[in-house]
Amino acid sequence: MHDFDPLIAALTGRAVTPALIDAARSHLVMLRSLSAEVADAVPRLVPTGGGGWRSTAADRYVERLGELGARLRDACAS
């Protein structure tokens, strides 16, 4: 199914075998699944702001929650 590529082996210093290709594909499937799971969980990881009370502290809390959510989304994207 997959042919050995001597150029890739020479460039990387490692022989590329069909077993390595299959292992890499399997790992990629696992990483995509994990990425999707984390992306789905982001909205649940960051609590919503305190809408019942307003103060300077509450405003900062809501800002920080927004920043946390943004950082989680950035981490998922990378």
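Start by selecting R64 and E67: the two form a salt bridge, with the closest N and O atoms 3.2 Å apart. Both residues belong to helix α3, where three positions, about one turn of the helix, separate them. Show the surface around E67 next; its relative accessible area is 41%, so this residue is partly exposed. Bear in mind that this is a predicted model.

Move to R60 and E63, whose side chains meet in a salt bridge at 2.7 Å, N to O. Helix α3 spans residues 56-77, and because R60 and E63 are three residues apart in it, about one helical turn lies between them. R60 has 41% relative accessibility and therefore counts as partly exposed. E63, at a relative accessible area of 39%, is partly exposed. A search of the whole structure finds two salt bridges.

**A nonpolar patch**

Now select M30, L31, L34 and V38, which make up a nonpolar patch on the surface. Together these residues have about 310 Å² of accessible area. Pick out L34, which is placed in helix α2. With 43% relative accessibility, between the limits of 20% and 50%, L34 counts as partly exposed.

**Confidence**

Finally, colour the chain by pLDDT. The protein chain averages 77, and 78% of the residues score at least 70. Where pLDDT is low, predicted coordinates should not be read in detail.

How values were computed:
Residues are numbered from 1 along each chain as its sequence is written. This is a predicted model: local features need pLDDT of at least 70, side-chain atom pairs count only at pLDDT 80 or more; totals for chains, interfaces and linings use all residues. Side-chain values use heavy atoms; hydrogens and water are left out. pLDDT is the predictor's confidence in each residue, from 0 to 100. Patches are made of residues with over 30% relative accessible area and no salt bridge: like charges are joined within 9 Å, nonpolar side chains (Val, Leu, Ile, Met, Phe, Trp, Tyr) within 5 Å. Accessible areas come from the Shrake-Rupley method with a 1.4 Å probe; for residues, only the protein chains shown count as cover. A salt bridge is a side-chain nitrogen of Lys or Arg within 4 Å of a carboxyl oxygen of Asp or Glu. Helices (H or I, at least four residues) and strands (E, at least two) are DSSP runs, numbered from the N terminus. Buried means under 20% relative accessible area, exposed over 50%, partly exposed in between (1.4 Å probe, protein chains only).
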